[in-house]
Amino acid sequence: GFIRGGVEACDDGNTMDDGNGCTSSCGFIDGTNEIGALMWKKCAQGIVYDSMNDACTGSAGEFQYCDQGGNSCNGGADDGLLDGGGNSQAWDTCNDMVYAGYSDWRVPNKEELASVVVCDDGPLNYPNRSSCGNGNDTSPTIDTSLFPDFPSNLFWSSASYVGNSYNAWGVYFGYGNTNGYNYESGTGSVL
């Protein structure tokens, strides 16, 4: 996803629309570790934000997490984060972007990406729960008032998957599922 740090710190857990095609949020992991204030693009990469109608139009881009296994795009470490090494379309499309006057966009880590999942019974609350569960998932599993016209796709996080150097963590917003997905045989979107 497209996320940037350095936004004003907050601790109330609320999410708000900035009115510029971005959404700022404060969230908590496991109820104890604060994720600092984050700014998210309202539309997936490849989709254009229409500020007049507060809508996202077009199709989400599909990006390869890394062009080869062995954690070559994240410093060679299990559960490492994309770092610009190797050849990663997901990294490049975020790192090269200038949007809403900012140029420090990045792919979110798995906790940050999971923090925007909304199940029918409320927030996902990862890592206590890694999936909304059967029948608890209105697709897409995200607040569509903040992320309009959101696709129910797989979205990459920046984290590789421990134990399998050909997988990376992602969220499938069709079901609100956070898991390791094979990046060698498929592509995903970025928010």
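**Exercise 1.** In this predicted model, the side chains of K42 and D54 meet in a salt bridge. State the N to O distance, then find which loops hold the two residues.

*Solution.*
- Step 1: From N to O, the pair K42 and D54 spans 2.6 Å.
- Step 2: K42 sits in the loop between β4 and β5 (48-50), and D54 in the loop between β5 and β6 (55-57).
- Step 3: The pair therefore ties together parts that are 12 residues apart in sequence.
- Step 4: K42 has 0% relative accessibility and counts as buried, while D54, at 29%, is partly exposed.

**Exercise 2.** The structure holds three salt bridges. Describe the one between R106 and E112 and the one between R129 and D121.

*Solution.*
- Step 1: The R106 and E112 side chains meet at 2.9 Å, N to O.
- Step 2: R106 has a relative accessible area of 30% and is partly exposed; E112, at 6%, is buried.
- Step 3: For R129 and D121, the closest N and O atoms are 3.0 Å apart.
- Step 4: R129 is partly exposed at 23%, and D121 is exposed at 53%.

**Exercise 3.** Describe the largest nonpolar core and list what F155 touches beyond four places away in sequence.

*Solution.*
- Step 1: The largest nonpolar core has 26 residues; W40, V117, F147, F150, F155 and F173 have the most contacts inside it.
- Step 2: β4 (33-41), α2 (110-114), β9 (154-160) and β10 (167-172) each give two or more residues to this core.
- Step 3: The residues that F155 touches are A44, L113, F150, G170, V171, F173, S189, V190 and L191.
- Step 4: Another core, of 14 residues, lies apart from the largest one and includes Y65, C66, A90 and V190.

Terms used
Residues numbered from 1 in each chain as written. Predicted model: local features only at pLDDT ≥ 70, side-chain atom pairs only at ≥ 80, totals over all residues. Heavy atoms only, no water. Core = buried A, V, L, I, M, F, W, Y, C linked by side-chain atoms within 4.5 Å. Buried < 20%, exposed > 50% of the residue type's maximum accessible area, 1.4 Å probe, protein only. Helix = DSSP H or I, 4+ residues; strand = E, 2+ residues; numbered from the N terminus. Contact = heavy atoms within 4.5 Å. Salt bridge = Lys/Arg side-chain N within 4 Å of Asp/Glu carboxyl O.
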